[in-house]
Amino acid sequence: MTELSTNVTKLNGYLDRFRQGGIQNLIAGKSLPALSGEVFETLSPTDETVICSVARGGVADIDAAAQAAKEAFPAWRDMPALERKKILIRIAEGIEARAEEIAFCECWDTGQALRFMSKAALRGAENFRYFADQVTSARDGKNLQSPTLMNVTTRVPIGPVGVITPWNTPFMLSTWKIAPALASGCTVVHKPAEFSPLTARILAEIAHEAGLPPGVWNLVNGFGEDAGKRLTEHPAIKAIAFVGESSTGSRITKQGADTLKRMHLELGGKNPVVVFDDADLDRALDAVIFMIYSINGERCTSSSRLLVQDTIAEEFQAKLVERVNNIRVGHPLDPTTEIGPMIAQEHFDKVRSYFEIAKQDGATIAAGGERLGDSGYFVRPTLFTNANNKMRIAQEEIFGPVLTAITFNTEEEALEMANDTQYGLTGYVWTNDLTRALRFTNHLEAGMIWVNSENVRHLPTPFGGVKASGIGRDGGDWSFDFYMEQKHIGFALGQHKIPRLGA
Ligand code: NAD
């Protein structure tokens, strides 16, 4: 038996319960069908078969979940921090205990390769452990003395919050949002992406098994236009943590305006990786390939625009072509697979449409540029060369294993091109000239920049973008700033003079 067939057998074991019972919502601790009785189907992108049916939550289900989150809020907020911390740690342990099930289901639901998803499941547990450690200090504040007052600040949880997540690495992203929300003392209504509902359900179950009180974490499946929209409009929901496309971020900001929602938006990117000729080119090559072709290229922080200095471009691109053609595309549960299928038919069509757009723009398809096989949403890893920064393939987020390479001559030219995009999530700079690295990163318009490195996430650092890539930051104390309100209390130190009117 090959490792793939062993994995497929295990997957079938994990999927049995979903195939039999479908996926229900979880509201106030109870598994429920959608109040309308409606369901939708989630498909596997690997063979286009139905995995299971999913409750299609709508306005009424979100209303019930928001009410449950509102009712559960005071007790969760007031639970002693150490108690809350213990529950979060038990959730982390629950994730670790079911890491294989989570990884396998995630791969089958999203098409992501197992080699990346097994780590993503464990990173989800790390998120809970990290924020569990902060629970006891989350409310700490300052003492800012003035001549007349002792001014004390503290932080209090904002209230019930909505979490709306996308389909790329959905498990990890859900934990990244929900762990700090719970650590802050907020209650949650989670609306996962319609394309990838499996692991959101497993995660919510783990949380309840870990002793999370009913109503603290509610899960409503459904589509953006009804369930998602209602969540952003619901008056009991005080903030929305959103991860998704920039255009959706803009839409939900409008939807949340009437109820003055606080919004945290993590949106799209068209991130540059800039390779100067003095860099360690072997390491740069590894990083360039990793940052666009891992996670199926369905990654907001992917380095989808390569800006390479003209003095080394030919040799660098030749090596790139060789490596890209060698990337193993295949079944997500095959441990040797490096790229799996695209998430869904419409996304598959979108990614492939850029093969034509590249030709029309006058770029060269140096590798890939076609689908692979007749079933499943597989594309060959693709490299466009002879491109310029004005082309659509250089400006639009393709969100697949597709890299656009552009050459530059001077540092100024590289900087101008790097910044010439609506997005500003990440940037990657490869040079051994320290002064240039400092100068370049100082002017690069991005929320996160790595020099001589791929993206290595460190949880205490701020994660987020500028321009159309988002508003707000996750990570470390920044997460608490979003889920909590600052509160100031002034205590009179004595009998200071109070202005007397009408005396
Ligand atoms: P999407 O915007 O289509 O959907 C994201 C979520 O929003 C889904 O749950 C969807 O149902 C919901 N939604 C859609 N319309 C809505 C509405 N009107 N009101 C409320 N909710 C609504 O994004 P996607 O295609 O699922 O994900 C891919 C995108 O996510 C890419 O642009 C990617 O760059 C971005 N992303 C960003 C980050 C980051 O940290 N910056 C991380 C991962 C993904």
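Student: Are helices H5 and H16 roughly parallel or roughly perpendicular to each other?

Tutor: First, the basis: this is a predicted model, in which local features need pLDDT of at least 70 and side-chain atom pairs count only at pLDDT 80 or more, whereas totals for chains, interfaces and linings use all residues. Residues are numbered from 1 along each chain as its sequence is written, and side-chain values use heavy atoms, with hydrogens and water left out.

Tutor: Angles under 35 degrees count as roughly parallel, over 145 as roughly antiparallel, 65 to 115 as roughly perpendicular and the rest as oblique. Helix H5 (residues 114-134) packs against helix H16 (residues 476-483) at about 75°, with the axes 11 Å apart; H5 and H16 are therefore roughly perpendicular.

Student: Which residues make the contact?

Tutor: Contact means heavy atoms within 4.5 Å. H5 contributes Tyr130, Phe131 and Gln134, while H16 contributes Gly476, Ser479 and Phe480.

Student: Where is Glu48 found, and is Glu48 buried or partly exposed?

Tutor: Buried means under 20% relative accessible area, exposed over 50%, and partly exposed in between (1.4 Å probe, protein chains only). Glu48 lies in the loop between strand S3 (39-43) and strand S4 (50-55), and is partly exposed, with a relative accessible area of 33%. Although not a glycine, Glu48 has a positive phi of about 65°.

Student: What is the phi of Lys467?

Tutor: The phi of Lys467 is positive, near 55°, in a residue other than glycine. Lys467 sits in the loop between strand S18 (448-451) and strand S19 (470-471), and is partly exposed at 36% relative accessible area.

Methods. Helix = DSSP H or I, 4+ residues; strand = E, 2+ residues; numbered from the N terminus. Axes fitted to C-alpha atoms, helices over the stretch in contact; angles between N-to-C directions.
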